[in-house]
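This report describes a protein for a reader who has its sequence and its structure at hand. Please examine both before reading on.

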Amino acid sequence: MSQRKIVIVGGVAGGATAAARARRTDEHAEIVLFEKGPYISFANCGLPYYVGGEIGDRSALLLQTPESFRARFGVDVRVNHEVLAIDRAAKAVAVRNLETGAVSTETYTALILAPGSIPIRPPLPGIDLPNVFMVRTVPDAVAIRAFVEERQASRAVVVGAGFIGLEMVENLVNLGLGVTLVEKADQVLPPLDPEIAAVVQSTLEQMGVEVITGDGIAAFEGAERATAVRLESGRTVEGDLFVLGLGVRPDTRLAREAGLAIGPTGGIKVNERMQTSDPAIYAAGDAVETVHLVTGRPALIPLAGPANKQGRVAGANAAGDSLTFPGAIGTAIVRVGNVVAATTGLSERAARREGLQVYTSYTLSGDHADYYPGVHELLTKLVVEEGTGRVLGAQVVGEAGVDKRTDVYATAILGGMTVEQLANLDLAYAPPFGSAKDPAVVAGMVAQNIRRGTLRTITPDRLLERLEAGEGLQVVDVRNPYEFDMGAVPGAVNIPVDELRSRIGELDPARETVVYDRTGATAYVAARMLMQRGFSVSSLTGGYALFPAAEAVRMQRLTQG
């Protein structure tokens, strides 16, 4: 039997993982890895934290060097080598040595494509000026940090309010810069639903960040360096440096030119074994199209977790094994100042766009027992399928415990669990770590109550719509008077929950009623009390804690037309 030869195009998460797995699968295979850049494997998710100084030494970003990778895995690593073309008939690739310019040919028995993604960089005037940066590679991060230190920069403009953009904002603020954040969508963190993203935007503003949404960039102004960015609205924002975080698109050039199938999302089409339309060629990472495991449809999910798993499967199968990668659900998390926001599965907006019939629930719960010091609230939104009660998505915002609960929801979604099953999870509990009813369990219980009809809810946005339409709703605030005096829903009457039975005569049972407290827990008690006395009652989801953010989102929508 002839020796297997595996050629890998690209390093980092997909390619380096594929190479390591291929070696663990076949000790005798010849494995060659080509990487266009100078680094085979680096922590690109850590780049913003190097810029901000949380990661002090850039060598910490280098997970493997060519030398360490050769020593451990016996892989022929060739950095600064660009693969130019694939000859599928000859099973060979053309490669240029970027240091010498020489072009050579490398044959393969199996080829793995892991070229990653290309940052979106629109052809705008001034975008190539030297102080307009991206954050994709170690040299990018080194250049930004050096620019800030050497030029004593004081103002930065970050364009794009996705996960990387927000990480850059946080780290530039930590360096003492004044930061303006520009996002063309009408909210920060577009993958999240607006009312959840509004909490993150409020945090940014409290950090001193100027947030501009609903406005794209038109041009960068300046001669030798950019001094300002002109927005599509005509507004000009000045800065010393500019960071682009406009998203990415899959790098499919090699695959397209080789005639490999490209999926409807624009990524390389692969099967569960990570094989392309050519059985001898595999692909992994940001360049590939995968299956969204909630919808069952093709999707682009350019995240490190899926890329690593895809690389593992591609490497194993190229070396003769038989592993599968079924797909992903897009679990992601970001820290902004003292707040963490995370999402998994489908947002409500995405679910409705897919034509799914869903309902939502909101809960506010402490990250651990209320009586134990240092408790922080978690705001959780669940997206649930009507009829089946299946959990389709979750979003969580808070100062502590967000990652733990998001991972619980991600597991529940992948397991096809219903809200009833979520409500009955047996999770670890001790006062420093959680509550007897964990926030994830409480979220399941609330969603279960809605599903069973023991709790009817109304969202803040819908309540505002109906109040503005003059529908004559009877709104009852069941908090204590001092809380009511600090802010309330327009037109609400204040009857504390403990006085509700004795003062029920003050309410009209013929009018549709909405009750609320701060978080929703006490309002549930009030709603059940009134429902069993013949009232038609809905509880305000998320309580008053979520209402101001919803008001701000609604006002922003109306302002932007």
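How many helices and how many strands does the protein have? The protein has 16 helices and 32 strands. The model is a predicted one.

**Overall form**

The C-alpha trace of the protein spans about 90 × 60 × 45 Å along its principal axes. A compact globule of 561 residues would have a radius of gyration near 24 Å, and the 27 Å of the protein agrees with this. Of the 561 residues, 54% count as buried. The accessible surface comes to about 23,700 Å², and carbon and sulfur atoms account for 50% of that area.

Contacts can also be described by separation along the chain. When contacts between residues at least 6 apart in sequence are considered, 63% of them join residues at least 24 apart. As for charge, the protein carries 53 positive and 64 negative side chains, and the centres of these two sets lie 5 Å apart.

**Aromatic rings**

A pair of aromatic rings is described by the distance of the centres and the angle of the planes. The count for this protein comes to 5 aromatic pairs. Phe69 and Phe73 form an aromatic pair that is tilted, with 4.9 Å from centre to centre and 50 degrees between the planes. Both residues belong to helix H3 (residues 66-73); because they are 4 residues apart there, about one helical turn separates them. Phe69 counts as buried because its relative accessibility is 2%. Phe73 is likewise buried, with a relative accessible area of 13%. Elsewhere, ring pairs link Tyr516, Tyr544 and Phe547 into a cluster.

**Positive phi values**

Most residues other than glycine have a negative phi. Against that background, what is the phi of Val12? Val12 has a positive phi of about 55 degrees although it is not a glycine. Val12 is placed in helix H1 (residues 12-25). Asn80, also a residue other than glycine, has a positive phi near 55 degrees. Asn80 lies in the loop between strand S5 (76-79) and strand S6 (81-87).

Thr290 has its place in strand S21 (residues 290-291).

Leu392 is found in strand S27 (residues 391-398). Is Leu392 buried or exposed? Leu392 is buried, because its relative accessible area is 0%. Residues up to four places away in sequence aside, Leu392 touches several residues, including Val294, Thr344, Leu346, Val383 and Ile413. Leu392 and Ala351 are 41 residues apart in sequence, and their C-alpha atoms are 8.0 Å apart in space.

**Burial of selected residues**

A residue counts as buried when its relative accessible area is under 20%. The table gives this value for residues discussed above.

| Residue | Relative accessible area | Class |
|---|---|---|
| Val12 | 19% | buried |
| Asn80 | 17% | buried |
| Thr290 | 9% | buried |
| Leu392 | 0% | buried |

Val12 is therefore buried at 19%, a value under the 20% cut-off.

Methods:
Residues are numbered from 1 along each chain as its sequence is written. This is a predicted model: local features need pLDDT of at least 70, side-chain atom pairs count only at pLDDT 80 or more; totals for chains, interfaces and linings use all residues. Side-chain values use heavy atoms; hydrogens and water are left out. Helices (H or I, at least four residues) and strands (E, at least two) are DSSP runs, numbered from the N terminus. The radius of gyration is taken over C-alpha atoms; the globule rule is 2.2 Å times the number of residues to the power 0.38. Buried means under 20% relative accessible area, exposed over 50%, partly exposed in between (1.4 Å probe, protein chains only). Contact means heavy atoms within 4.5 Å. Accessible areas come from the Shrake-Rupley method with a 1.4 Å probe; for residues, only the protein chains shown count as cover. Lys and Arg count as positive and Asp and Glu as negative; His and the chain ends are not counted. The place of a charge is taken as NZ of Lys, CZ of Arg, CG of Asp or CD of Glu. Rings of Phe, Tyr and Trp (its six-membered ring) pair if their centres lie within 6.5 Å; planes under 30 degrees apart count as stacked, over 60 as edge-to-face and the rest as tilted.
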